[in-house]
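Let's read through a structure together, one feature at a time. Have the sequence and the view open.

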Amino acid sequence: MNESIMTSLRRIRNFINFTRSFFIRKNPFKMLFEEIVGNLKDMFSVRQKLKMAQYRVNYHKHQLMKMESLIAENNEHTFLKGKNLNETR
């Protein structure tokens, strides 16, 4: 009886030591706190990220429109000029 109580107490002590070592190594509360802070920072900076993304999209649209207009100016087969169409008539 006494020996079984001693083994139970030793197992409980080992379990407590393992959990204490785990909390020292991993520290789940600190990880949870850092995760919450990171998510809050992301939530508050969403508007700024959205503005930057819209700026990039608008810039690329502008570059695309410039390229399309240059291609249309230098292309013989566009009907925007009218000169080539009138000459073939």
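Q: How many aromatic pairs does the count come to?

A: A pair of aromatic rings is described by the distance of the centres and the angle of the planes. Rings of Phe, Tyr and Trp (its six-membered ring) pair if their centres lie within 6.5 Å; planes under 30 degrees apart are called stacked, over 60 edge-to-face, and the rest tilted. By this rule we get two aromatic pairs here. In one of them, F22 and F23 sit edge-to-face, with 5.8 Å centre to centre and 75° between the planes. F23 also pairs with F29, and that pair is stacked, at 5.8 Å between centres and 15° between planes. Taken together, F22, F23 and F29 make one aromatic cluster.

Before we go on, keep in mind that this is a predicted model: local features need pLDDT of at least 70, side-chain atom pairs count only at pLDDT 80 or more, and totals for chains, interfaces and linings use all residues. Residues are numbered from 1 along each chain as its sequence is written, and side-chain values use heavy atoms, leaving out hydrogens and water.

Q: Which secondary structure elements does the chain have?

A: Helices (H or I, at least four residues) and strands (E, at least two) are DSSP runs, numbered from the N terminus. This chain has four helices and zero strands, so its elements read α-α-α-α from the N terminus on. Helix α1 covers residues 2–25.

Q: How far does α1 reach from its first C-alpha to its last?

A: The expected span of a helix is 1.5 Å times one less than its number of residues. With 24 residues, α1 reaches 34 Å, close to the 34 Å expected.

Q: What follows α1?

A: N27 does, and its phi is positive, near 50°. That's a positive value in a residue other than glycine. N27 is found in the loop between α1 and α2 (28–44), and N27 is partly exposed at 29% relative accessible area.

Q: Which residues form a nonpolar patch on the surface?

A: Patches are made of residues with over 30% relative accessible area and no salt bridge; like charges are joined within 9 Å, nonpolar side chains (Val, Leu, Ile, Met, Phe, Trp, Tyr) within 5 Å. Here the patch is M1, I5, M6, L9, I12, F15 and I16, with about 780 Å² of accessible area together. Areas come from the Shrake-Rupley method with a 1.4 Å probe; for residues, only the protein chains shown count as cover. M6, one of the patch residues, lies in α1.

Q: Which side chains meet in a salt bridge?

A: A salt bridge is a side-chain nitrogen of Lys or Arg within 4 Å of a carboxyl oxygen of Asp or Glu. The count is one: K49 and D42, at 3.5 Å, N to O. K49 is partly exposed at 48%, and D42 is partly exposed at 39%.

How values were computed: Buried means under 20% relative accessible area, exposed over 50%, partly exposed in between (1.4 Å probe, protein chains only).
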